[in-house]
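Student: Could you take me through one chain of this model up close, starting with its overall build and moving on to the side that meets its neighbour?

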Amino acid sequence: MDKVAVHPPVMDNPAGRAARGRHLQGFVLQSPAIMLLLLWSVVPLLMTLWYSLRNYNLVDPTQQGFAGINNYWYLLTDPDFMTSLENTAILVGGVLAISVGLGTLLAVLYNEAFAGRGIARVLVISPFFIMPTVAALLWKNLMLHPIYGVYSAMMRAVGLTPIDWLSRYPLATLVMIVAWEWLPFAVLILLTAIQSLDMEQKEAARMDGAGMVAQFINITLPHLSRAITVVIMIETIFLLTIFAEISVTTAGGPGVASTNLAFLIYSRALLQFDVGGASAGGVVAIVVANIVAAFLLRAVARNLET
Amino acid sequence: MARTSTRLRHAAITVLAWGIALWMFFPILWMFLTGFKSEPDALSTPPHFLFHPTLSSYQDVFARENYWHFATNSVVISVMATLVALLVSIPAAYAMAFLPGPRTRMTLLWMLSTRMLPSVGVLVPIYLLARATGLLDSRTGLIVIYMLTNLPITVWMLYTFFREVPVAILEAGRMDGATRWQEVTQVLMPLALPGIASTGLLSLILCWNETFWSLNLTSSIAAPLTTFIASFSSPEGLFFAKLSAASTLAVAPIMVFGWVSQKQLVRGLTFGAVK
Amino acid sequence: MTAAGMLLAGGAQAGGTLTIATVNNGDMIIMKQLSGEFEKAHPDIHLNWVTLEENVLRQRVTTDIATHAGQFDILTIGNYEVPIWARQGWLAELKPGPDYDVNDIVPSVRAGLSVDSRLYALPFYAESVMTYYRTDLFQKAGLTMPQHPTYDQIRTYADRITDRDSQTYGLCLRGKPGWGENMAYVTSLVNTFGGQWFGEGWKPMLDTPEWKAALQWYVSAMKADGPPGATSNGFNENLALFASGHCGIWVDSTVAGGLLFDPRQSHVADRVGFSAAPTGPYGKGPTWLWSWNLAIPASSRHADDARIFIEWATSRTYVQLVAQHEGWVAVPAGTRVSTYDNPDYQKAAPFATFVHSAIDNADPNGQTKQPRSYGGAQFVGIAPFQAIGTQVGQTVAATLSGQMTVEQALGAAQASVSRTMRQSGYLH
């Protein structure tokens, strides 16, 4: 961990005492949040660790006792475990790519002046307010249903055979649905950031004869880098544990084509009320989350410090 | 010549921007419209864009479930969880921004990483804890959990807002003999208010839409709108109109609220995290 | 202050209130709507409903009862759960009084709710399996549906009826993965093809020629004659498809009869024919028996009030009440002999006698081709089956969507079932 620049060396002099006082105050002010989160993350974590080493099935009390690493063994040797990790990565990566990529372009677009801009902006960000279950039901039944869906009707209208999205391209379709929910968030954040871009800077660039593309690459993008990190960080937190959308649309299938880690834990353990197995899954997921956190958050933090 | 190309460009932008906006909003609009269809109309192929609107689906939904009970729970739980989260995270973010120690950044990262653990893995431990503390199916239980799950995000967002406040202003206040309390309430808060409001709005939206814990920890007394929807999804027989009406009812309050406060959200964000 | 007051109010539990957890199926919605009559007759009992979608409900109710959290006084559970839970001592034994006429309950249904001849739940409605078809399409194609069709015949008929241009699909079957969705149908299909889930000593038997033949029939028929998107079609979706005129033949639960013959819910009410569920090469074996039942957790603090309610909701009087309000075609089916003896019901529901005999002959503990160590017709009556059935259900869906061949799927299914059975201690 690199040092925080403003931190003065602690010495036994008035300044040092002042610094210690500041630390104490800082600690006191932070402690409610830290204690609460410690409690929230440590207590369930310890319980989860304990259960993950035991045979504990809610619906079968005859299974009892110490399980050793059995629960972990069954999860890690599950042929679908790697697939679920891949799917998790694709879901997170795909949605992030769409929301950051498309989000940046849309932010630039909605920053331009045009008639009814205020209303158009509100329409674009609206999907962010939709709860995940509703979004999934809406896309599955009203939009993409191969018989009743609006999209299918449109395809039939132009003489095409409707695509059965959720069984043919389950993961891509999920990425699409989730991106629909989260793209608006990216647009909102990036649009805000773009608005604070110095007009003079842009004007100067235009005077220098820079084209739209050059302006975008040389001025807009660097300016947005911090906002982009914010989007990536907040979205990653939510995308890693996506559950409702999968359970409503594909239930992880067909096969395991759209099963992510959270859903694998659900279908292998929770569905048969195997608390031991689910706990082992929880521990593995925490490890995965921390690996992601270590990589991502460090990069993000560096970007945010500047 | 140049004028024509500018006008062309303007027209292209207008068409593109509106096209995308309508495409993004279309599913919501369609859901809204379907709620006013009769069930046979909702299932017709190809779908009808013109139909005789009827309120029968809404009447059915209201006859089946006590919508206001769920909606009140959603409001109370989201608002309370957000308020408590702000109350806990403002001092923490203040300390991190103005009294940073050697472990501040590490603490922040750790907080955010607690948010990445999948709920399915810890359902049973949490359920047992909730049962032991009598918090099953209580608003307090959900408020506590929502507060905790949103805490990392609110602390972090407030931290970025507070960091934007020039230390010199705070120090000037201190020179005038202001206590720490006055410094926070009279100098910092007014400056950071837009940022605090944005943080609160975001937290409110996230609480409203949380699905896993609300479904698993509540049954009737404290059940919010996410549970309301679970009683309409995949019922026996496929009722698209009723489902759409119920969905519209579940998302309408937060959506209208979002539309109204959208300017505020943006204003706050400009101030801090993304500037 | 107000907020604190609301919090307190949110946490308090009123006295004399029964919390009822139920599924959002049509019959239960009617029960909820008619429950005002019950409250009128019993002013000291207040009812508090928790209506949820089936999967969510099952998870909520199981977690609740297994951790003795005691949030519900009345549970709506299937005949899959009743014996398993009763053996754990989680359910209160029921001894309905003489007015209730417990001998009026259809014997096979009652047997499924009893452990060591003690009754642990009362049936709300019950179903078996049958074949529905469109009489107008059959007539047009010059076909006649036999009383007891075979799967070969079904395939031939479906091929003749399918007309993709008019979005008429010859055959609709469940494809949505889940132990209570596609696997309910597939298990009953496999039984009649001579296959089974487990042999003696809990040895999984999924990589057998019988499973292969059954699945090959299923996949090939659905590819040729099924609607698009079959892997997301469960009971509800197929019901909607058939009722809106998109299906020629549909093999599914008998409970659909009441809905398909009801002109308020079905566009094809006057063109529905029915016959027995098709048979395969083995031709015998258990078919299908499911019931939704009301039970009382052993931990309920309002057990006496709860008994009064479930006896009301599963009584003869309740059936008549539904008939009065919704018409005879909508009464809860499959539970009471007296319903089937009623001439009004026979008139309103032409399929009545037929369904009665289907339920009587479902034979959930009947013999499969090889000896078996488990009970259940379209499911396996052991705790791990929810996970096993759903996982195999996903594999079956993957063959339907063309991601796997039948051989691959059965190989994978055999391996995963063996794994789970070892993990849960059945296999060593």
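Tutor: Let's start with the radius of gyration of chain C in this predicted model. A compact globule of 428 residues would come out near 22 Å, and chain C has 22 Å, so the two agree. Along the principal axes, the C-alpha atoms of chain C fill a box of roughly 65 × 55 × 50 Å.

How is the chain packed? Of the 428 residues in chain C, 58% are buried. Then look at the contacts in chain C with a separation of 6 or more: 75% of them link residues 24 or more positions apart.

Now for the side facing chain A. Here 29 residues of chain C are in contact with 26 residues of chain A. Two helices of chain C, H3 (54-66) and H17 (385-400), each give at least two residues to that side. The largest share comes from H17(C), with eight residues. By class, this side of chain C has 11 nonpolar and 18 polar residues, and no charged ones.

While you're at it, hop over to chain A and pick out Ala280(A), which sits in helix H13 (residues 275-305). Ala280(A) has 29 C-beta neighbours inside 10 Å, and 20 or more is the cut-off, so it counts as buried. Leaving out residues up to four places away in sequence, Ala280(A) touches Ser52(A), Asn71(A), Tyr72(A) and Leu75(A). As for Pro44(A), that residue is 236 residues from Ala280(A) along the chain, with 13 Å between their C-alpha atoms.

Definitions and conventions. Residues numbered from 1 in each chain as written. Chains lettered and ligands numbered in written order. Predicted model: local features only at pLDDT ≥ 70, side-chain atom pairs only at ≥ 80, totals over all residues. Helix = DSSP H or I, 4+ residues; strand = E, 2+ residues; numbered from the N terminus. Buried ≥ 20, exposed ≤ 12 C-beta atoms within 10 Å, placed from the backbone. Contact = placed C-beta atoms within 7 Å. Rg over C-alpha atoms; globule rule 2.2 N^0.38 Å. Nonpolar A, V, L, I, M, F, W, Y, C, P; charged D, E, K, R; others polar.
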